[in-house]
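Please take a moment with the sequence and the coordinates before reading on.

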Amino acid sequence: MRLKSIENVALGEMLAKPVYDDKCQLLLAKNVALTQNYIDRLMRANIHCVYIEDELSAGLEAENFVPDELKIRSISTVRQVFKELSERKTATYSIKSVDQIKHVIDEMMAVIYDNPHTLYCMTELMGSDMYTYHHSAEVAVLSMLVARNMKLSDHFIQKIGVGAILHDIGKMRISGEVLNKQETLTPEENQLMKEHPQFGYDMLKDNDFISPISRQIVLLHHEKLNGSGYPYKLSGDQIPIHVRIVTLCDIFNAISSNRSYKDRLSADEALEILRTEAVYELDRDIYYQLLKVVNIYPVGTVVMLSTGERAIVIKENPDAQTRPTVQLIKDNKRAETINLMDYLTIFITKTIEG
Ligand SMILES: [Fe+2]
């Protein structure tokens with residue numbers, strides 16, 4: 001299977017993964033053959049790309065990632081909890097919501113610990129209207145994987161997961177008009193947006209069921225190491241390790257899963273931007289940990305090689321992620337197999353749609 005944009009799918013191609021709508025309801029099941037009617041339905045639901053099973057990618061299956069079903073359930077839980085907390089419009093909370101969040105995080109922990117090779121893989125499962133919830137769930141998975149790689153204790157990782165999943169909860173206090181505005185924000189609107197960490201912290205600060213570590217993540221996730229962040233312009237050691245992890249994962253996920261498909265970057269492009277632009281702002285050691293947990297070229301990804309040839313990834317290489325085993329594409333068919341570990345002068349230049 002491989003990811004394809006809606007503009008490029010062909011009639012009759014089979015869906016390799018189910019697609020969900022903005023209410024986490026199944027829109028189209030796995031193995032459905034795409035008709036024009038279905039493609040129109042996907043476009044109306046704001047789905048930008050889907051996993052398909054085509055001749056080129058037949059039999060290729062990505063492994064070792066957090067199951068979609070768990071991700072969908074976590075997105076649905078985040079949505080419910082965010083709504084519930086925002087509708088109360090007071091500092092009170094529901095213990096039940098917090099329990100649900102902790103339950104989802106515990107399930108993610110179990111997946112991560114059961115398989116030490118679990119990697120983060122970007123998913124395109126639902127419409128862009130779910131962006132905030134989808135983003136929150138993905139930042140939680142990513143942050144926990146990074147924390148696991150840093151060998152932090154499971155108690156600590158659980159608190160990081162809860163903080164990461166709730167990091168943007170303060171956005172529920174900002175009107176949809178400002179949140180979803182396409183044009184440039186006015187200075188006042190910009191200022192309001194910058195208050196979301198404080199809003200979120202205020203929503204949770206009296207909640208004894210959420211640890212201070214998780215709350216600190218909500219309050220400080222936009223601080224930068226060089227003091228250029230907000231709201232407190234903290235710098236260096238003033239920013240704790242758990243906050244640094246979530247900040248980096250938040251930015252990575254935001255740039256790699258842009259709401260508009262055209263502006264979306266592949267994992268390798270997003271990592272490159274983070275490397276060059278965030279030298280002074282983000283923690284370099286954590287960046288290297290992130291490199292180890294992001295599946296840069298999942299099986300089924302079509303890539304351009306430095307030789308100018310197109311190839312499809314058929315086997316990942318956990319020890320050197322940028323050097324997977326690929327098969328060259330000739331006449332739109334899979335040809336010779338090349339293990340990039342054996343050909344060190346050949347490298348992948350970019351991910352392409354195919
Ligand atoms: Fe934020």
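This is a predicted model: local features need pLDDT of at least 70, side-chain atom pairs count only at pLDDT 80 or more; totals for chains, interfaces and linings use all residues.

The chain is divided into three parts, with domain 1 covering 2-53, domain 2 covering 68-293 and domain 3 covering 302-352. When the centres are taken over C-alpha atoms, domain 1 and domain 3 lie 27 Å apart.

The buried residues are Phe156, Ile157, Gln158, Ile160, Gly161, Val162, Gly163, Ala164 and Ile165. Between His155 and Gly176 there are 21 residues along the chain, and their C-alpha atoms are separated by 35 Å. Gly176 itself lies in helix H6, residues 176-179, and it counts as partly exposed because its relative accessibility is 40%, between the limits of 20% for buried and 50% for exposed.

In the pair formed by helix H8 (residues 196-204) and helix H9 (residues 212-220), the axes are 7 Å apart and the packing angle is about 155°. H8 is therefore roughly antiparallel to H9, given that angles over 145 degrees are counted in that category. On the H8 side the contact is made by Pro197, Gln198, Gly200, Tyr201 and Leu204, which meet Arg215, Val218 and Leu219 in H9. Sorted by class, this contact of H8 with H9 has five nonpolar, two polar and one charged residues.

For the other pair, helix H11 (residues 267-277) and helix H12 (residues 284-293), the axes come within 11 Å and cross at roughly 170°, so that H11 is again roughly antiparallel to H12. Here Leu271, Glu272, Leu274 and Arg275 in H11 meet Tyr287, Leu290 and Leu291 in H12. By class, the contact of H11 with H12 has five nonpolar, no polar and two charged residues.

Most residues other than glycine have a negative phi, and most peptide bonds are trans. Against that background, which peptide bond is cis in the stretch at Tyr230 and Pro231? The bond that joins Tyr230 and Pro231 is cis, with omega at about 5°, and Pro231 is found in the loop between H9 and helix H10 (241-256).

Asn31, although it is not a glycine, has a phi of about 70°, and its place is in the loop between strand S4 (26-28) and helix H1 (36-44). Is Asn31 buried or partly exposed? With a relative accessible area of 49%, Asn31 is partly exposed, because the class of exposed residues begins only over 50%. Asn332, likewise a residue other than glycine, has a positive phi near 60°, and it lies in the loop between strand S8 (325-330) and strand S9 (333-339). At 48% relative accessibility, Asn332 also counts as partly exposed.

Conventions. Residues are numbered from 1 along each chain as its sequence is written. Side-chain values use heavy atoms; hydrogens and water are left out. Axes are lines fitted to C-alpha atoms, for helices over the stretch in contact, and angles run from 0 to 180 degrees between N-to-C directions. Helices (H or I, at least four residues) and strands (E, at least two) are DSSP runs, numbered from the N terminus. Angles under 35 degrees count as roughly parallel, over 145 as roughly antiparallel, 65 to 115 as roughly perpendicular and the rest as oblique. Contact means heavy atoms within 4.5 Å. Ala, Val, Leu, Ile, Met, Phe, Trp, Tyr, Cys and Pro count as nonpolar, Asp, Glu, Lys and Arg as charged, and the others, Gly among them, as polar. Domain bounds come from an automatic or database domain assignment. Buried means under 20% relative accessible area, exposed over 50%, partly exposed in between (1.4 Å probe, protein chains only).
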